[in-house]
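New to this one and wondering where to look?

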Amino acid sequence: MQQVLDAMTGAAAHIGNDRLDILGANALGRALYPAMFGEERPNAARFVVLDPRAHDFYLDRDQIARDVVATLRSAAGRNPHDRDLSDLVGELATGSEEFRQHWARHDVRFHISGVKHFHHPQVGELELHYERLEVVFDSGLTIFTYTAEPGTASAERLALLRSLAATPAG
């Protein structure tokens, strides 16, 4: 799967599981989420709910938080005996009153596509379209891709981020 991700050069991409653990990414995907990929075990839910940097990173962070909780609720419904998922939900509930409130609503959401707004620390504001691609041979894995509308400021900034990601740190 890493080869597939690396072959995606015009889009930021990462692969994850139902618990929103990030299992791999292409260079642009890692560059898009520098704070999350700085963690030992990157997890989108943990980043959105518990990391204060998420409030500045996502311009629509409150909606992202609701979506994350609803996504985890959906995963719990599909696999109620997933101990790792139960542990993650417990960790998030212990660490966040907001998470507990959203979890109590019992909302379920299945992300397929949409738009996310970011304030990236290196390139500024980005409006990126995301798509969820199910990995057919492993039903627990999903690839997310992020692209910008051609000819927009976001496309220019994403190209700049791609250039920065390709430049070796020195």
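Here, a contact means heavy atoms within 4.5 Å. Keep in mind that this is a predicted model. A search of the whole structure turns up 2 cavities of 30 Å³ or more, and there are 11 salt bridges as well.

**The largest cavity**

- The largest cavity comes in at about 270 Å³.
- Its lining takes 22 residues, and the closest to the centre are His 14, Leu 20, Ala 44, Lys 116 and Phe 144.
- Sorted by class, the lining of the largest cavity has 11 nonpolar, 6 polar and 5 charged residues.

**The second largest cavity and His 102**

- The second largest cavity has a volume of about 30 Å³.
- Arg 66, Val 69, Ala 70, His 102, Arg 105 and Asp 107 line this second cavity.
- Again H6 gives the most, this time with 3 residues.
- The classes here are 2 nonpolar, 1 polar and 3 charged residues.
- His 102, one of the lining residues, sits in helix H8 (residues 97–104).
- Is His 102 buried or exposed? His 102 counts as buried, because its relative accessibility is 10% and the cut-off for buried is under 20%.
- Setting aside neighbours within four places in sequence, His 102 is in contact with Arg 66 and Val 69, and both of those residues also line the second largest cavity.

**Nonpolar cores**

- In soluble globular proteins, nonpolar side chains tend to be buried together.
- The largest nonpolar core in this model has 39 residues, and Leu 32, Tyr 58, Leu 72, Phe 118 and Tyr 146 have the most contacts inside it.
- H6 supplies the largest share of this core, 6 residues.
- What does Leu 72 touch, leaving aside its neighbours within four places in sequence? Leu 72 is in contact with Asp 18, Arg 19, Leu 20, Ala 45, Leu 85, Leu 88, Leu 92, Phe 99 and Trp 103.
- Another core lies apart from the largest one; it has 6 residues, among them Leu 5, Ala 13, Ile 15 and Val 135.

**Salt bridges**

- Side chains of opposite charge can pair when their charged atoms come close.
- Arg 19, one of the contacts of Leu 72, forms a salt bridge with Asp 21, with the closest N and O atoms 3.3 Å apart.
- Both Arg 19 and Asp 21 are buried.
- Arg 53 and Glu 39 form another salt bridge, at 3.4 Å from N to O.
- That pair links distant parts of the chain, 14 residues apart: Arg 53 is in helix H5 (residues 53–57), while Glu 39 is in the loop between helix H3 (34–37) and H4.
- Arg 53 is partly exposed at 43% relative accessible area, and Glu 39 is partly exposed at 41%.
- Asp 62 and Arg 61 also make a salt bridge, their closest N and O atoms being 3.7 Å apart.
- In that pair, Asp 62 is partly exposed at 46% relative accessibility, whereas Arg 61 is buried at 3%.

Key. Residues are numbered from 1 along each chain as its sequence is written. This is a predicted model: local features need pLDDT of at least 70, side-chain atom pairs count only at pLDDT 80 or more; totals for chains, interfaces and linings use all residues. Side-chain values use heavy atoms; hydrogens and water are left out. Helices (H or I, at least four residues) and strands (E, at least two) are DSSP runs, numbered from the N terminus. Buried means under 20% relative accessible area, exposed over 50%, partly exposed in between (1.4 Å probe, protein chains only). On a 1 Å grid over the protein atoms alone, a cavity is a set of points where a 1.4 Å probe fits but cannot get out, and a pocket is an open set with protein on both sides within 12 Å along at least five of seven lines; lining residues have an atom within 4 Å of a point. Grid points are joined across faces, edges and corners, and a volume is the space filled by probe spheres set on the points. Ala, Val, Leu, Ile, Met, Phe, Trp, Tyr, Cys and Pro count as nonpolar, Asp, Glu, Lys and Arg as charged, and the others, Gly among them, as polar. A nonpolar core is a set of buried Ala, Val, Leu, Ile, Met, Phe, Trp, Tyr and Cys residues joined through side-chain atoms within 4.5 Å. A salt bridge is a side-chain nitrogen of Lys or Arg within 4 Å of a carboxyl oxygen of Asp or Glu.
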